[in-house]
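Student: I've never looked at this structure before. Could you walk me through how to read a few of its features?

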Amino acid sequence: MSATQDSAESERGGAKRVSGGGGAKPESRLATVRRARKINRALEEVYYYAHPELDFENPFELLVATVLSAQTTDLRVNQTTPGLFAAYPTPEDMATADVAELERILRPTGFFRSKAKAVLGISVALRDRFGGEVPGRLEDLVSLPGVGRKTAHVVLGNAFGRPGITVDTHFQRLARRFGWTQQKDPDKIEAEVGEIFPKKEWTMLSHRVIFHGRRICHSRKPACGACPIAHLCPSFGEGETDPEKARKLLKYEMGGFPGQRLKPPADYPGKPAPPLDAA
């Protein structure tokens with residue numbers, strides 16, 4: 001075993017003792033914060049290209065795309081929104097949309113009837129209450145029909161540059177696996193994790209953690225053996241630890257496959273996703 005591997009094994013052992021039973025000494029608050037910030041720095045190096053994985057050109061498009069992303073993939077949303085925004089580019093346009101036509105366009109995203117109702121309601125509210133503009137305040141965004149804190153933070157962080165923690169299913173899973181929180185309620189997770197990291201880091205922290213959850217630290221079978229932060233993770237061993245087998249579990253650009261955006265950022269190291277008619 002190399003010195004680097006030995007060091008990693010030692011550090012990993014320490015991380016595992018944090019959550020282990022049998023009278024193991026619990027990790028101190030200071031140690032948790034230090035380890036959490038090490039994880040964030042490591043993820044920053046790995047996912048230097050982390051970004052919102054929804055294609056958008058303005059706050060309205062991001063808001064609608066985020067609402068549509070419920071119970072489907074960002075890829076499917078990105079394949080659907082070009083046609084949607086070509087037909088209804090503004091809140092005023094979408095507010096007067098024919099419901100049947102809206103449902104037809106949104107069908108590929110699943111739950112298309114409820115989603116059509118949601119984006120129609122949001123568009124009407126933006127038109128009637130906010131002059132056709134997406135508001136840049138949390139309290140205003142969550143007042144829109146069907147918009148919660150998660151969606152609001154996505155819009156604020158990525159369209160307005162106002163930091164927020166996006167607690168989606170990936171973030172919830174990894175925050176618990178990393179030992180940052182034991183909470184299950186998204187608002188409590190947001191509050192506890194927010195106390196660990198400087199506010200300026202919140203938006204990019206969210207992207208990095210979500211990227212890691214989608215690519216390596218999967219829900220059912222995390223690729224522990226291919227994880228660059230395994231030595232910092234108290235949950236190492238929940239998934240596949242054999243490096244070769246773990247590499248076969250990697251997704252998106254990590255596994256050499258297309259990403260979720262049709263129009264990814266210039267520094268994205270993977271392949272763009274195909275449009276809907278080519279999928």
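Student: What covers the buried residues of α9?

Tutor: The cover includes α3, α8 (138–141), α11 and α12 (202–215). Helices here are DSSP runs of H or I with at least four residues, strands are runs of E with at least two, and both are numbered from the N terminus. This is a predicted model, where local features need pLDDT of at least 70, side-chain atom pairs count only at pLDDT 80 or more, and totals for chains, interfaces and linings use all residues. Residues are numbered from 1 along each chain as its sequence is written, and side-chain values use heavy atoms, with hydrogens and water left out.

Student: Which residues of α9 are buried?

Tutor: Buried means under 20% relative accessible area, exposed means over 50%, and partly exposed is in between (1.4 Å probe, protein chains only). In α9 the buried ones are Thr 151, Ala 152, His 153, Val 154, Val 155, Leu 156 and Gly 157. Take His 153: its relative accessibility is 7%, so it counts as buried.

Student: What is His 153 in contact with?

Tutor: Contact means heavy atoms within 4.5 Å. Skip the neighbours within four places in sequence, and His 153 has contacts with Leu 138, Gly 164, Ile 165, Thr 166 and Glu 190.

Student: Where is Glu 53 found, and is it buried or exposed?

Tutor: Glu 53 sits in the loop between α2 (29–46) and α3 (59–68). With a relative accessible area of 5%, Glu 53 is buried. Its side chain also makes a polar contact with the side chain of Gln 260 (3.4 Å). A polar contact is a pair of N or O atoms within 3.5 Å; within protein, one must be able to donate a hydrogen and the other to accept it, and residues adjacent in sequence count only if both atoms are side-chain atoms.

Student: How do I read phi, say at Phe 111?

Tutor: Most residues other than glycine have a negative phi. Phe 111 is not a glycine, yet has a positive phi of about 50°. You'll find Phe 111 in the loop between α6 (99–106) and α7 (112–129).
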